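Thanks, everyone. Please have the viewer open.

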Amino acid sequence: MIMLELAILGFLRDGPLHGYDLRKRLAALTGHIRPIADGTLYPLLKRMEAAGLLSRELQPGQAAAPRHMLSLTEAGATVLRDRLREPDELFITDENRWFTVLAFLRHLDDPAAQAAVLRRRLHFLTQPASFFWDGDRPLRAADFDDVFRQGLFTIATATTRAELTWLRQALATLEQTS
């Protein structure tokens, strides 16, 4: 639920949205992982509104029915910045949560704070890791005759290398602006 809240805060920081438009954006960002049901989204929006994180304004609709436009409040913007500045460890280590942080990290206006978040991800990615272990020894693609496990390792390794390259470039850019 926290990942969904972060995405809602981030999209509303981009600008006011109608609930349906927000749902489409959320589905594009996270829906391939977990489709968002109306029974999850709309009660969450109501709780966030009650907590003062977003506001709702009735506006005339295009055809007939009025539309409820959602906007981020100052309290919601503060919560967004706080969550981006100090994401929980799962948001650093879980790829899907990490992508949600990355989608909105630009809203953290401090390049040094942005760099600190990227450094945490870089540190995580440079630790010894594997999907499978033989005791204390991490196994690699070459350790398997199974084409599917080899594929898993090949794809994961290529993705990690690409991300490490990007992280180092992004950190160099942020450090020039700090």
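**Salt bridges and a helix pair**

Let's start with aspartate 21. Its relative accessible area is 24%, so aspartate 21 is partly exposed. Keep in mind that this is a predicted model.

What does aspartate 21 meet? Its side chain forms a salt bridge with that of arginine 67, at 3.4 Å from N to O. This pair ties together distant parts of the chain. Aspartate 21 sits in helix 2, residues 19-31, and arginine 67 sits in strand 3, residues 67-72. They are 46 residues apart. Arginine 67 is also partly exposed, at 26% relative accessibility.

How many salt bridges are there in the whole structure? The search finds twelve. I'll pick out a few.

Next, arginine 81 and glutamate 74. They form a salt bridge, with the closest N and O atoms 3.4 Å apart. Arginine 81 has a relative accessible area of 27%, which makes it partly exposed. Glutamate 74 is at 58%, so it counts as exposed.

Now a network. Asp134, Arg137 and Asp143 are linked by salt bridges.

On to arginine 121. Its side chain meets that of glutamate 163 in a salt bridge, 2.7 Å from N to O. Again, the pair links distant parts of the chain. Arginine 121 belongs to helix 7, residues 111-125, and glutamate 163 belongs to helix 8, residues 147-177. The separation is 42 residues.

How do helix 7 and helix 8 pack? Their axes come within 9 Å and cross at roughly 155°. Angles over 145 degrees count as roughly antiparallel, so helix 7 and helix 8 are roughly antiparallel to each other. The crossing is left-handed.

Who makes the contact? From helix 7, the residues include Pro111, Ala115, Leu118, Arg121, Leu122 and Leu125. From helix 8, they include Glu163, Leu164, Trp166, Leu167, Ala170, Leu171 and Leu174. So Arg121 and Glu163, our salt-bridge pair, are both among the contact residues, because each has a place in that list. By class, the contact has eleven nonpolar, three polar and five charged residues.

Methods. Residues numbered from 1 in each chain as written. Predicted model: local features only at pLDDT ≥ 70, side-chain atom pairs only at ≥ 80, totals over all residues. Heavy atoms only, no water. Salt bridge = Lys/Arg side-chain N within 4 Å of Asp/Glu carboxyl O. Helix = DSSP H or I, 4+ residues; strand = E, 2+ residues; numbered from the N terminus. Buried < 20%, exposed > 50% of the residue type's maximum accessible area, 1.4 Å probe, protein only. Axes fitted to C-alpha atoms, helices over the stretch in contact; angles between N-to-C directions. Parallel < 35°, antiparallel > 145°, perpendicular 65-115°, else oblique. Left-handed = near helix turned anticlockwise from the far one by under 90°. Contact = heavy atoms within 4.5 Å. Nonpolar A, V, L, I, M, F, W, Y, C, P; charged D, E, K, R; others polar.
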